[in-house]
Amino acid sequence: MSRELHAFLIILIIGAATLATRILPVLVFGRKDSVPEVILYLGRTVPYAAMGLLIIYCLKDVSLFSSPHGIPEAIGILVVSISYLLKRNSILSVLIGTVVYMVLVQAVF
Amino acid sequence: MIVFTFNFDYSKENSPQNIDLTVPFSIQIMALLTKHTETTVRTRAKEDRRWYSLYIMNRKTPPVSKADLSAALKTSLPIMVTFVVLGSGYGILMEKHGYGPLWSLMSGILIFSGTAQFVSIGFLDAGSFAAAAVTAFMVSARHIFFSISMIDRYKEEGRRKWYLYYALCDESYAMLSRDITPDGVSLSNYRFLVTLFNQSSWVIGSFLGGLFGSLLEFNSTGIDFAMTALFTTVFLQQWMERKNHLPSLLGLFGTLLCRILFGKDIFLIPSMILILGILILLRNHTEESGEL
């Protein structure tokens, strides 16, 4: 098998596996006219739980036991939270938080 | 004349029990509809079965308006900037492994998941197909969680929904599961555009990264924190709009617990099982005690 063909098949397979995770739930629960009650309930609650999951997922490589002990992440999240609570502008908070974090990891720690 | 029957789950209080499901398609009604934006009709349709059937019958996706474009752009902008930078990082890495911009472009369309695409690089040359499939499924499994909670939201999207699901990345999900749509904006167009903008910026970024390679390279270490920041602002927003914080707390601490217990490679799947299990167990409690 040529290198290109192998690479193409890998992309195809990984694409199919990823697509499956996005489409299978819909094929299983979304085909009927009415959406099952439990799915409606999950539709209302999961978005709230999912944000916590995504935050931890983003921070999964942080180690508290080796330098810099997650300090840049903690400061970054603090900056984002405080600026968001003060100004309620998510674009601004994302911008400030990211700049602070980049300075911290590139120049300070 | 159109005789329209449908199933729609209302919250129990609002369910009109004895309402005539077949609504004649009269001229008066057409006039009524033209006076209202899609958003108003949608809002009323949730409370009144007649409005709902009107909405479904008259539902045509309106052409993309300026308001739709600017609303979607406003939502997507921080994501787009980050995606162009992160995408170009992916394109540069692909180039270094001997796969040019067209490969990055193709991968961005066939896979379209940052994590899965970065993981795929290690398999391109000689990785096993089975291992690639299993790994991709593991890192992408969180999408199952996301798609499940979009079923009710996207059920009226017609053929468009297949694109919306295919391109439902973490960031599009965070933006579109909030149910915040500016007034006068077509919800369907808004969802479509936000998803499309996010995907395009990632794909274009990875193509440019592959094309210009190290010319573009600046020290972007830490730019991925923008995603953490974005999810944090959504988290805070959700926290403030609801009295019942149980799902938010469960997501945060349940996942943290699983990260500690299972390690950073496989914790997502146990987290999802834990969260879904507890949410379903607490269903009655959650439904009774708050708005959720």
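This passage describes chain A of a predicted model, its meeting with chain B, and a nonpolar patch on its surface. Because the model is predicted, local features need pLDDT of at least 70 and side-chain atom pairs count only at pLDDT 80 or more, while totals for chains, interfaces and linings use all residues. Residues are numbered from 1 along each chain as its sequence is written, chains are lettered from A and ligands numbered from 1 in the order in which they are written, and side-chain values use heavy atoms, with hydrogens and water left out.

Of its 109 residues, 45% are buried; buried means under 20% relative accessible area, exposed over 50%, and partly exposed in between (1.4 Å probe, protein chains only). The accessible surface of chain A is about 5,300 Å², with 69% belonging to carbon and sulfur atoms. Such areas come from the Shrake-Rupley method with a 1.4 Å probe, and for residues only the protein chains shown count as cover.

Next comes the interface. Here 72 residues of chain A are in contact (heavy atoms within 4.5 Å) with 96 residues of chain B. The buried area between the two chains is about 7,600 Å², and carbon and sulfur atoms give 75% of it; this is the accessible area (1.4 Å probe) that two parts lose on being put together, summed over both. The interface also holds 2 salt bridges, each a side-chain nitrogen of Lys or Arg within 4 Å of a carboxyl oxygen of Asp or Glu. In one salt bridge, Arg3(A) pairs with Asp125(B) at 3.1 Å, N to O. On the chain B side, Ser271(B) sits in helix H14 (residues 268-281). Ser271(B) counts as buried because its relative accessible area is 0%, and Leu53(A) is among the residues that it touches.

Finally, the surface of chain A carries a nonpolar patch with about 740 Å² of accessible area together, its members including Ile71(A), Leu92(A) and Phe109(A). Patches are made of residues with over 30% relative accessible area and no salt bridge, with like charges joined within 9 Å and nonpolar side chains (Val, Leu, Ile, Met, Phe, Trp, Tyr) within 5 Å. H4(A) provides the largest share, 6 residues. Ile71(A) lies in helix H3 of chain A and is partly exposed, at 37% relative accessible area.

Note on methods
Helices (H or I, at least four residues) and strands (E, at least two) are DSSP runs, numbered from the N terminus. Lists of a residue's contacts leave out its neighbours within four places in sequence.
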